[in-house]
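Reader: Please take me through this model term by term, and set each value against the definition that it rests on.

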Amino acid sequence: MNVFRQDFPILKDPDYIYFDNAATAQKPACVMEAISKFYETENANPLRGLYKWSVMATESYEAAREKVANFLGARKASEIVFTRNATESLNLIAYSYGRANVNEGDEIVVAVSEHHSNILPWQMVAKEKNAKLVWLECDENGYYSDEELNNKITSKTRIVAIAQVSNVLGVPKPIKKIADIAHSVGAVIVVDGAQSAPHMAVNVQAMDADFFVFSGHKLMGPMGIGVLYGKHELLNDMPPFLTGGEMIEYVTRENATYAEIPHKFEAGTVNAADAVGLAAAIDYIKSVGFEYITETEKNLTALLMEEMRAIPHVTVYGSPKAKDHCGIVTFNIDGCHPHDVSSILDADHICIRAGHHCAQPLLQYMNVNATCRASMYFYNTEDEVHRFAKSLAKVREELGYGS
Amino acid sequence: MDLKEMYREIVNEHNLHPTHKHALDNPTLELRGVNPSCGDDITLQLMVENDMITDGAYVGQGCAISQASADMMLDLVIGKSKDEALKVADIFMRMIKNEASEEEIESLDEAAALQNISHMPARVKCAQLGWRTMDEIIKGTEN
Ligand SMILES: Cc1ncc(COP(=O)(O)O)c(C=O)c1O
């Protein structure tokens, strides 16, 4: 039995198999307790009050920022901006940095395997500025060749937007190498870490990311808190995204001077309780250790892929190497629509994702309408993999095909 | 009826061996219906003479529930007047929202088997696709 499983109240029901971790992760009790403790013992509006509770709330919020900075290997805590989720972080970069730095004729390079959240903000900037979106095309297993990177990232490129790990194929990308290419032509790199930060140790300095974003909820933190890391000099020069309370220094009838980063980007009352919850999730993930997480996921993925290969009519997408999946196994069953597959599995209390996974350009490129996706985390077990494979093997029959 | 039974007893047959999945030669009415979020995509064709639906068919692709539901719908409405067809569609739509009476549901014949979809919000649109499309084409002829 997996020793960490008992930390998750929702996983106490042995009947359910949760294989939709790429959508959101389950929460350990310590995260929920940290949030409750904040509201029960120190709730007040942070950054405003001059009394004890507000000071405590402010300290907890800023301590969470320190923790995130440390977790990502940032130089300073002021390089960490709290947002609602990865999507909001990416929009902040596009609206603020993108609109200020992309001009007519410039190019924004976007990987075809991106989540819609790392596509639509760039479409917006490109349309508004008359700039061009250039697509990085991957091979059929989700890898990007050096040739493709060097051909597409050119002196016209202002921004390269790419996920460290794709939410459909799970393939990790060599971010440092891509960052070096981007920097050599004077572009910045925006790294979507929504699917990487929960699964591998991230160091934004080592990968030389200019911007790096992730969502707290995929990392066992609460929903509603996300992170934007940006290099100090970039954030410092960027115009604000949202304006209003908390983000100002001085306001007259006509004008305002803005607060220093990161507060310049955190207009309005901040989500301190969920930042505290995210800090607890980071402590928890560190106590588990990325070595354990990576190893466990790799073994579970290898087992799952092996069992799926033995089932006729099942196609698994992505790399043949289990370690290049980050726990994500995307597949289809011949003749069976993914929604029917997931309904049949649901009847067996197995939770998977079916559909386009918010990555329609990639699915169009893979030439499929929709797929099924099983995504595992370190708290899943071999027994669950066996049960999943057993149910999966029966799906075609349940959908009326002779076996 | 549980979900697997629903597939086994009704949905699979209509999905894998549909009666009406083909193209008509000269349909009087034709409309495409799409559920963009799941890729269900059908084109419904009707032959209408003197306000009577004398024939109907569909082509397209999608999940078993969307396809089977369209097939069962055509079983029910071919031979009915436009008004009667709209009434059946109304009952079906209400059944899927858990708002139809027992009696009404019985009048839907085999399509009544889809009533459990009302407990599966993610599949409601699949079940409704053919019906919604028929409702739109017929109503489109009225103004
Ligand atoms: C790669 C990737 N980027 C971005 C997102 C968006 O995350 P959120 O919905 O939390 O903003 C996701 C989540 O599905 C994702 O997998």
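Author: In this predicted model the C-alpha centres of domain 1 and domain 2 of chain A lie 28 Å apart. Residues are numbered from 1 along each chain as its sequence is written, and chains are lettered from A and ligands numbered from 1 in the order in which they are written. Because the model is predicted, local features need pLDDT of at least 70 and side-chain atom pairs count only at pLDDT 80 or more, while totals for chains, interfaces and linings use all residues; side-chain values use heavy atoms, with hydrogens and water left out.

Reader: What makes domain 1 and domain 2 of chain A the parts into which the chain is divided?

Author: Domain bounds come from an automatic or database domain assignment, and for chain A that gives domain 1 as 5–19 + 289–398 and domain 2 as 30–286.

Reader: How do you know which residues of domain 1 of chain A are in contact with domain 2 of chain A, and how many are there?

Author: Contact means heavy atoms within 4.5 Å, and by that rule 33 residues of domain 1 of chain A are in contact with 33 residues of domain 2 of chain A. The residues on the domain 1 side divide into 19 nonpolar, nine polar and five charged, where Ala, Val, Leu, Ile, Met, Phe, Trp, Tyr, Cys and Pro count as nonpolar, Asp, Glu, Lys and Arg as charged, and the others, Gly among them, as polar.

Reader: What area do domain 1 and domain 2 of chain A bury between them?

Author: Buried area is the accessible area (1.4 Å probe) that two parts lose on being put together, summed over both. For these two domains of chain A the value is about 2,600 Å², 62% of it on carbon and sulfur atoms. In domain 1 of chain A, the residues A:Phe290, A:Leu362 and A:Tyr365 lose the most area to domain 2, together 24% of what that side buries.

Reader: Why is the pairing of A:Asp340 and B:Arg123 called a salt bridge?

Author: Their side chains meet at 2.9 Å, N to O, and the limit is 4 Å, so the pair qualifies. Across the interface of chain A and chain B the rule finds three salt bridges. There, 15 residues of chain A are in contact with 18 residues of chain B, and the two chains bury about 1,300 Å² between them, 49% of it on carbon and sulfur atoms. A:His339, A:Asp340 and A:Glu398 supply 34% of the area that chain A buries against chain B, more than any other three residues.
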